[in-house]
Amino acid sequence: RIPVWLDCDPGHDDAFAIILAAYHPRLHLLGISTVAGNQSVEKVTRNALDVLHFAGVPGVGVVAGQAGPLMRAAAICPEIHGETGLDGPHGGPALPHSRRAPLPGKAPVVMAEAISAFLGEHPDAGPVRLICTGALTNAALLLALYPELKGGLAITLMGGAIGVGNMGPVTEFNIQVDPEAAKMVFEAGVPLQMVPIEVTHTALATPEVLGRLLSSHAGISKFKALVGQLLTFFAATYREVFKFEAAPLHDPCAVALVAAPSIFEVEEMRVDIETISPLSAGQTVCDVWHQTGRPKNCAVARAMDVDAFWDILIAALDRAEAA
Ligand code: BDR
Ligand code: CA
């Protein structure tokens with residue numbers, strides 16, 4: 001199995017990334033770190049613990065990460081994920097609270113220790129795949145503090161846009177929150193994959209998909225009912241803010257790229273992060289035609305077999321329901 005670490009900011013779509021990372025049979029989830037983004041780091045950490053409890057995942061720890069970007073003020077996103085970061089359709093949290101507590105320590109330190117311990121015990125099992133579905137603050141600190149880990153690490157992230165953004169005209173949320181951290185990650189020289197919104201916007205939870213996703217062997221179970229509540233809230237905010245007909249499940253796409261790369265089309269290219277312009281700081285400047293001549297540093301997902309993606313996600317949800 002592929003060893004993975006998930007760095008996230010749950011967040012409705014992050015919740016599905018957690019379930020997919022925990023239940024895809026090809027993945028071995030080593031641990032989870034959180035980062036401020038969709039909500040404060042306290043709230044997203046609580047949400048990560050609640051998702052693990054809800055999905056019946058034992059033995060995976062959660063460590064709280066950075067409370068804000070490296071150099072900028074924290075930005076949160078209640079208009080999409082609600083006051084709790086994981087609201088249900090009636091306000092308040094969609095999932096019951098668990099009594100689990102986060103691991104002690106700081107995220108980059110705990111991540112580095114877990115990754116080196118794993119590689120020490122399984123020298124042939126690497127690289128460990130760091131999957132980032134929030135701002136890249138923890139990832140940047142990990143690479144800066146522990147450059148010796150770079151040889152054993154590869155990063156796959158949900159974020160960025162080749163063209164039109166979702167937070168600004170050309171900026172996507174995860175990269176726009178902490179452009180300096182993103183710049184550090186994109187220039188770190190580690191193997192890098194990015195799933196931009198052009199691809200994640202094809203993972204739309206349409207009524208047909210919802211029908212499949214929520215159907216259950218035992219009628220509609222409590223588990224699937226709560227999954228339905230998460231998706232109902234998320235669909236409503238996407239309708240309100242973006243006029244989308246259905247909610248795009250961005251974050252599990254990055255997990256799927258690690259678990260099932262054959263369902264993606266990817267293209268190597270140069271991607272640089274704009275950090276200076278007030279208009280476009282956080283833009284992923286994707287050199288599709290190799291016009292800069294700069295060395296290629298990122299495998300960018302260009303398309304995904306959407307039916308295969310839903311098959312994979314639904315299988316993981318079914319496993320979680322049975323757990
Ligand atoms: C990204 O922003 C967040 O709100 C989502 O969780 C996802 O990671 C999409 O732009
Ligand atoms: Ca996210």
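Tutor: In this predicted model, a helix is a DSSP run of H or I with at least four residues, and helices are numbered from the N terminus. Alanine 114 lies in such a run, helix 4, which covers residues 107–121.

Student: Is alanine 114 buried, exposed or partly exposed, and how do you know that?

Tutor: Alanine 114 has 19 other C-beta atoms within 10 Å. A residue counts as buried at 20 or more and as exposed at 12 or fewer, so alanine 114, with 19, is called partly exposed.

Student: What does alanine 114 touch, leaving aside residues up to four places away in sequence?

Tutor: Its contacts are Trp5, Leu30 and Gly31. Glycine 31 is 83 residues away from alanine 114 in sequence, yet the two C-alpha atoms are 8.0 Å apart in space. Trp5 also takes part in strand pairing, for its bridge partner in strand 4 is leucine 130.

Student: What makes strand 1 and strand 4 a pair?

Tutor: Pairing requires at least two bridges found by DSSP. Strand 1 (residues 2–8) and strand 4 (residues 128–132) are joined by 4 bridges and run parallel, and therefore they meet that requirement. Strand 9 and strand 10 are likewise joined by 4 bridges, but they run antiparallel; in this pairing, arginine 270 stands opposite aspartate 287 of strand 10.

Student: In what order do the strands of the open sheet follow one another, and which of them stand at the edges?

Tutor: The sheet has 9 strands in the order 3-2-1-4-5-6-11-9-10, with mixed pairing. Strand 3 (62–64) and strand 10 (284–287) are the edges, because each has a single partner strand and one side of each is thus left without a neighbour in the sheet. On average, neighbouring strands are turned by 30° against each other, direction ignored.

Student: Why is helix 11 called largely enclosed by the rest of the structure?

Tutor: Helix 11 is described in this way because 9 of its 9 residues are buried, among them Asp251, Val255 and Val258. Helix 11 (residues 251–259) also lies across several strands, including strand 1, strand 4 and strand 5 (153–158), and it runs at about 145° to strand 5.

Student: How is helix 11 oriented against helix 12, and what makes that description apply?

Tutor: The axes of helix 11 and helix 12 (residues 306–322) come within 11 Å and cross at roughly 95°. Angles of 65 to 115 degrees count as roughly perpendicular, which means that helix 11 is roughly perpendicular to helix 12. The contact is made by Pro252, Cys253, Ala256 and Ala259 of helix 11 with Phe309, Ile312 and Leu313 of helix 12, and these residues divide into 7 nonpolar, no polar and no charged.

Student: Which residues are closest to ligand 1?

Tutor: Of the 15 residues that surround ligand 1, the closest are Gly11, Asp13, Phe173, His250 and Asp251. Helix 1 (12–23) and helix 6 (173–177) are the elements that give two or more residues to this shell, whose residues divide into 5 nonpolar, 6 polar and 4 charged.

Technical notes: Residues numbered from 1 in each chain as written. Chains lettered and ligands numbered in written order. Predicted model: local features only at pLDDT ≥ 70, side-chain atom pairs only at ≥ 80, totals over all residues. Axes fitted to C-alpha atoms, helices over the stretch in contact; angles between N-to-C directions. Contact = placed C-beta atoms within 7 Å. Near = placed C-beta within 6 Å. Nonpolar A, V, L, I, M, F, W, Y, C, P; charged D, E, K, R; others polar. Parallel < 35°, antiparallel > 145°, perpendicular 65-115°, else oblique.
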